[in-house]
Amino acid sequence: MPNSPMSEVRVDEWNAMIEIDLKGVLNGIAAVLPVFKAQKHGHIIATSSVAGVKNYVGSGVYGAAKWGVRNAMEVTRMESANEGTNIRCTTLCPAAIDTELLDHIGFETTAANMKAFYKQHALSPEAIARVVNIAVDQPAEVDISEVIIYPTNQA
C-alpha cells in the first residue's frame, strides 16, 4: 500500500501494487478454480478494501487495484452460478487493519496521515478473522459475497 498522490507519478510503486493487490488475487483464483469446478464446490475469499468501494485522495492506484478485486470476485461468483459449479466467493472490504502495510508508504505526508488515522481507527486482524468465520460457516447454498468492515468509531 505505498500510497501517494497520482501527481507523484510513482510508476514502480503502481506496478508493485497491481502485481500484488490485483494480480495476486487473480493468480489465486486461477490456482483454485479448476479444482473447485471439477468438484462442483469451493469457497474463494479475497481481500479488497474500503478503498475499493470509496475513492480516497492519495490512493488512486491502490483503490483501482481493489476495485478490480471486487469486480473479478463478483464475476467469478456470477459465472459459477451460471455454470452450476456452486463456488462461493467472498470479498472482504475492510477499513484500516493493524498490519505492516503502513511501513510500505514512501511518501512522507501520506505515511504520517495514514499512521495517525490507523492509530485512531485500526481494526485487529482477529476482528477480520471473525468475519471470515461468519462467511465460511454458512451452509453451502449461502454465499456472503461482499462484506464492508468498518470500526465502530470511524465515520
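This briefing describes the pockets, charged contacts and selected residues of one protein structure. The model is a predicted one. Its largest pocket has a volume of about 710 Å³, and one cavity of 30 Å³ or more is counted. The structure holds 5 salt bridges, whereas the count of aromatic pairs comes to 0.

**The largest pocket**

- A total of 34 residues line the largest pocket, and those that lie nearest its centre are Met1, Asn3, Tyr62, Met114 and Tyr118.
- Three helices, namely helix 1 (11-39), helix 2 (60-83) and helix 3 (108-121), each supply at least two residues of this lining.
- Helix 3 provides the largest share of the pocket lining, with 6 residues.
- By class, the lining of the largest pocket comprises 19 nonpolar, 12 polar and 3 charged residues.

**The largest cavity**

- The largest cavity holds about 30 Å³ of space.
- Its lining consists of Asn3, Ser4, Trp14, Met17, Gly58, Ser59, Gly60, Val61 and Tyr62.
- Asn3 and Tyr62 belong to this cavity lining and are also among the residues nearest the centre of the largest pocket.
- Helix 1 and helix 2 each contribute at least two residues to the lining of the cavity, and helix 2 gives the most, with 3 residues.
- The cavity lining divides into 4 nonpolar and 5 polar residues, with no charged residues.

**Salt bridges**

- Side chains of opposite charge can pair when their charged atoms come close.
- Arg10 and Glu13 meet through their side chains in a salt bridge, with an N to O distance of 3.3 Å.
- Arg10 counts as partly exposed because its relative accessibility is 23%, and the buried class applies only under 20%.
- Lys23 forms a salt bridge with Glu19, in which the closest N and O atoms are 2.9 Å apart.
- Lys23 and Glu19 are 4 residues apart in helix 1, so about one helical turn separates them.

**A charge over an aromatic ring**

- Arg70 lies over the face of Trp67, at 5.4 Å from the ring centre.

**Backbone angles**

- Most residues other than glycine have a negative phi.
- Val9 has a positive phi, near 45°, and is not a glycine.
- The position of Val9 is in the segment before helix 1.
- Lys40 also has a positive phi, about 60°, although Lys40 is not a glycine.
- Lys40 lies in the loop between helix 1 and strand 1 (42-47).
- With a relative accessible area of 45%, Lys40 is classed as partly exposed.

**Two further positions**

- Gly24 is located in helix 1.
- Gly24 counts as partly exposed because its relative accessibility is 37%, a value between the limits of 20% and 50% for that class.
- Gly24 and Val69 are 45 residues apart along the chain, and their C-alpha atoms are separated by 9.6 Å.
- Ala140 is found in the loop between helix 4 (125-136) and strand 3 (146-149).
- Ala140 counts as exposed because its relative accessibility is 66%, and the exposed class applies over 50%.
- Ala140 and Phe107 are 33 residues apart along the chain, and 44 Å separates their C-alpha atoms.

Notes:
Residues are numbered from 1 along each chain as its sequence is written. This is a predicted model: local features need pLDDT of at least 70, side-chain atom pairs count only at pLDDT 80 or more; totals for chains, interfaces and linings use all residues. Side-chain values use heavy atoms; hydrogens and water are left out. On a 1 Å grid over the protein atoms alone, a cavity is a set of points where a 1.4 Å probe fits but cannot get out, and a pocket is an open set with protein on both sides within 12 Å along at least five of seven lines; lining residues have an atom within 4 Å of a point. Grid points are joined across faces, edges and corners, and a volume is the space filled by probe spheres set on the points. Ala, Val, Leu, Ile, Met, Phe, Trp, Tyr, Cys and Pro count as nonpolar, Asp, Glu, Lys and Arg as charged, and the others, Gly among them, as polar. A salt bridge is a side-chain nitrogen of Lys or Arg within 4 Å of a carboxyl oxygen of Asp or Glu. Buried means under 20% relative accessible area, exposed over 50%, partly exposed in between (1.4 Å probe, protein chains only). Rings of Phe, Tyr and Trp (its six-membered ring) pair if their centres lie within 6.5 Å; planes under 30 degrees apart count as stacked, over 60 as edge-to-face and the rest as tilted. A charge sits over a ring if NZ of Lys or CZ of Arg is within 6 Å of the ring centre and within 35 degrees of the ring normal.
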